[in-house]
Amino acid sequence: MLLQQLINGITLGSTYALIALGYTMVYGIIALINFAHGEIFMAGAFAGLFMVTVLKINIFLSLILSMVFCMIMGVVIERIAYRPLRKSSRLSALISAIGVSIFLSTLALMVFGADAKGFPDNTIPLIQIKLGPAEISSLQLLILGISAFLMMALEFIVRKTKIGKAMRATSQDYHTASLMGVNVNRVISVTFALGSSLAAAGGVLVGILYNSVSFNMGLMAGLKAFAAAVLGGIGSIPGAMFGGIFLGVAEVMGVAAGYSSYRDAIAFAILVLVLLIKPTGLFGQKIQKKV
Amino acid sequence: MVEMMQNLIDQIDPYTLQILMNIGIAIIMALGLNLITGVTGQLSLGHAAFMSIGAFTSAILSIHYNLPFSLNLLVAGLTAAFIGALIGFPILRLTGDYLAIATLGFAEILKVIFLNLNITNKALGLSVPPPNTDIPMPFVIFFVALVTIIFMSFIHNSRFGRSLMAIREDEIAAEAMGINATRYKLQAFAVGSFLAGVGGGLYAHVIAYINPSDFGFMKSIDILNMVVLGGLGSIPGAILGASVLASAPEFLRFMQQYRMLVYGALLVFLMVFRPNGLLGGVNFTRLVLKIIGKNKPARAAK
């Protein structure tokens, strides 16, 4: 029973982590809470659904195409809505992000309608695998596998490639990095592209997991992923992964313990408690204030 | 007196009256948040939570106790302020975005709690009886909004207000000047919550039906939009932002389903072209003096 809930929790949590990574990366570089990120997650789910149901493309190819689609979308949004605001107050950029979020969810409502849509049943053949007292489905295994692969790929890009080095430099000090010859605009575009593609993957996977894709799925998922990013220490990549999985497990355990009507509050309650004890999140660096 | 007010109201058509009442409530809410976010610089993403505390307190008082409406509003405001101070005490130690997410989290938790309490009638919401007062509702709102505006103008020009602005500009420097930042932030938070509570009480009686889901994240964002759109920290800005955004749904009604689409795009464009808000950076006292000065040739010649 406990093991079963743990499996379910980690599966849900790894999708939160995929979304949280986008939040944390963007925050780490331009200190913007990208409220449109949840909507990119929703757009990714719809893109995947569209390709599977209308264009009849294989689910894995759809997943990749949906990631590419959202990659472009993320970069375009940054160009239009955030780049002109980079030098103005952070609150203006925040409101701009909220504007994008409202725009995208309304657009999805108009294009796809208000009712939730589902992936076809045979998208992924369902096989239950016995794992001692618990069971893991082929779908859960797939979600875990894809999430783990994407996170490792991200870690590789950030740690081992040149652009990753530039990203880390920019997140440490924006101005110094640009003085050292880092093309900051390109770094920011790449950050948005990477974050958005991870959110798109999360969207497709959640869409299959719950068999439901709707125009308002981005709001709560986005808020919880944001909570996960802050829980882990916003700006920290391992923090976002841990935060996402932790919140996912906590939520599933809470529901299993009979608090299902408090489901959406569990993540935030943990978040507030953690912040009160450790105000910069679990993996967050202490900000040294200079006078 | 009451009859005169009623006559006056009868002359305005109910639709316009409804919009005016919405604007009045929005002004009260926006000025409360403006004190917290605009003047003190503490980003709150959970202002709707305090509105919901006020709305439910006021509704429950109206349903079960039939208090006079003025007392009812006062209790609603004080309850919101009390809970605001209670919540603010631990979370105002957080800074910047950590504070923002903590207020957001608190608002979500409160919404879920209200959705599960019996006294708030769970997810079904409450029907609110008419307020226990002889004065017509539009006048009550107008009066409360007017008092709020005057009160806020006093705060802006007081020692208290200047301390808050000092905290916004630089908390460490302010503390070095002997300002007890924690205490002042808490007081600003409590005053803002009080106004949100009063606004919530008025809202509950105007709408006559409240549901915990009405006070979600998007409601908080609506109020924040009013403050930022008008110009952070500016009282005329908050009033303008509240008036524009509270009436915008009606002006945009002809666009039907495209309404929210346009609203989202407008937010982006306004921020891109006017990042400090419509009235951001405009000094009103100076502007008024300039206009008066122009009309006095003797002074201009000097």
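Predicted model: local features only at pLDDT ≥ 70, side-chain atom pairs only at ≥ 80, totals over all residues.

Residues are numbered from 1 along each chain as its sequence is written, and chains are lettered from A and ligands numbered from 1 in the order in which they are written.

Now widen the selection to strand β1 (residues 128–131) and strand β2 (residues 134–137) of chain A, which pair in the antiparallel sense over 4 bridges. Strands count as paired if DSSP finds at least two bridges between them. The hairpin has 2 residues between its strands, and A:G132 takes a positive phi near 65 degrees.

**Stop two: a helix under cover**

Next, pick residues 37–53 of chain A, which form helix α2. Helices here are DSSP runs of H or I with at least four residues, strands are runs of E with at least two, and both are numbered from the N terminus. From first C-alpha to last, the 17 residues of α2(A) reach 24 Å, close to the 24 Å expected at 1.5 Å a residue; that expected span is 1.5 Å times one less than the number of residues.

Is α2(A) mostly covered or mostly open? Mostly covered: 15 of its 17 residues are buried. Buried means 20 or more other C-beta atoms (placed from the backbone) within 10 Å of a residue's own; exposed means 12 or fewer, and partly exposed is in between.

**Stop three: all of chain A**

Zoom out to chain A, with its 11 helices and 2 strands. From the N terminus on, they run α-α-α-α-β-β-α-α-α-α-α-α-α. The radius of gyration is 19 Å, close to the 19 Å from the globule rule for 291 residues, so chain A is as compact as a globular protein of that length. That radius is taken over C-alpha atoms, and the rule is 2.2 Å times the number of residues to the power 0.38. Buried residues make up 53% of the chain A total, and the C-alpha trace spans about 55 × 45 × 35 Å along its principal axes.

**Stop four: over to chain B**

Switch to chain B, which has 14 helices and 2 strands. Its C-alpha trace spans about 65 × 50 × 40 Å along the principal axes, and 47% of its 302 residues are buried.

The mean for chain B is 87, and 95% of its residues reach 70 or more. Where is confidence lowest in chain B? Look at helix α14 (residues 297–301), with a mean of 44; helix α9 (residues 181–207) is highest, at 94.

**Last stop: where the chains meet**

Show both chains: 33 residues of chain B are in contact with 38 residues of chain A, contact meaning C-beta atoms, placed from the backbone, within 7 Å. On the chain B side, select α5 (96–116), α10 (217–230) and α12 (259–273), each supplying at least two residues. α5(B) gives the most, with 11 residues. By class, this side of chain B has 24 nonpolar, 6 polar and 3 charged residues. Nonpolar covers Ala, Val, Leu, Ile, Met, Phe, Trp, Tyr, Cys and Pro; charged covers Asp, Glu, Lys and Arg; the others, Gly among them, are polar. The model scores ipTM 0.84 and pTM 0.88.

Note on methods. pLDDT = per-residue confidence, 0-100. Contact = placed C-beta atoms within 7 Å.
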